[in-house]
Amino acid sequence: MRIPAGQGNLKDGKALIMSPDFMRRAIALALENVRSGRGGPFAALIIHENRIIAEGTNRVTSTNDPTAHAEVVAIREACRILGDFQLRGCDLYTTCEPCPMCLGAIYWARPARIFYAANACDAAAAGFDDAFIYDELKVPPAARRISMTQILREDSLAIFSAWKQQENKRLY
C-alpha cells in the first residue's frame, strides 16, 4: 500500500499524519530563541491528536540548567498537561537530532514517533558536538573523562529489594 505524501506509517489501518507545519513552528521557535538570547538554537513540540500540547526551547543558559534542552522542556510540559509520565500516542518534533541526554528522556517518555530537522553533524558544525558522550558510554566507568567510583554497592542493593517488595508501585 502506498502512503500519500505528508503521511507516515500505518497504525491500526490508519495513516499517521506527519506535518511539515509542526516542524516549521519548531524552527520558528528555535530562531526566536536565538534572536532573543534566551538559549541555544533548538526547539521541540509534543503533538497529541494532531495538535500541539507542549512547546520547549533550549533554556540552558537562561536558567543555568544543563538539562533544559528543548526536548526535555517540552516533555516535562506535555507530561504535566497529560497528567502522565509517558507520552504514548504523541509525536515529538524537534529541530535537531536529539543528543544522548534527550534521546534517553525521549525513550523513557515513550512517544510514538520522533521527527527531526537538522542532524547531529549539522549541530556539531555549529559547535554542539556531543559525539564524545556517545564515545564515553563505551568506556568502562573508571576510565571515563569524569571520574566515576563505585562505593557501597551492597548497601544500595537494599533499595532495589525494597522496590521489588513494594506492592503499590507504579511500573515504568
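Strand β5 (residues 90-96) is largely enclosed by the rest of the structure, because seven of its seven residues are buried. Buried means under 20% relative accessible area, exposed means over 50%, and partly exposed lies in between (1.4 Å probe, protein chains only). Strands (E, at least two residues) and helices (H or I, at least four residues) are DSSP runs, numbered from the N terminus.

The model is a predicted one, in which local features need pLDDT of at least 70 and side-chain atom pairs count only at pLDDT 80 or more, while totals for chains, interfaces and linings use all residues. Residues are numbered from 1 along each chain as its sequence is written, and side-chain values use heavy atoms, with hydrogens and water left out.

**The sheet**

Strands of a sheet pair through backbone hydrogen bonds, either parallel or antiparallel. Here, four strands form an open sheet in the order β4-β3-β5-β6, with mixed pairing. Strands β4 (51-57) and β6 stand at the edges with a single partner strand each, so one side of each is left without a neighbour in the sheet. From one strand to the next, the twist averages 15 degrees. Two strands count as paired if DSSP finds at least two bridges between them. The pairings of β5 are as follows.

| Partner of β5 | Sense and bridges |
|---|---|
| β3 (residues 43-48) | antiparallel, five bridges |
| β6 (residues 113-118) | parallel, five bridges |

Individual bridges can be named. Leucine 45 has tyrosine 93 of β5 as its bridge partner, and isoleucine 46 has leucine 92 of β5. Leucine 92 also has a bridge partner in β6, namely isoleucine 114.

**The helices**

Helix α1 lies across β3, β4, β5 and β6 and runs at about 150 degrees to β3. Helix α3 (residues 70-82) packs on the sheet, where it touches β3, β4 and β5, and its direction makes about 140 degrees with that of β4. Such angles run from 0 to 180 degrees between N-to-C directions, with axes fitted to C-alpha atoms, for helices over the stretch in contact (heavy atoms within 4.5 Å).

Alanine 28 belongs to helix α1 (residues 20-36). This alanine 28 counts as partly exposed, at 41% relative accessibility.

**Confidence**

The predictor's confidence in each residue is pLDDT, from 0 to 100. The chain has a mean pLDDT of 91, and 91% of its residues reach 70 or more.
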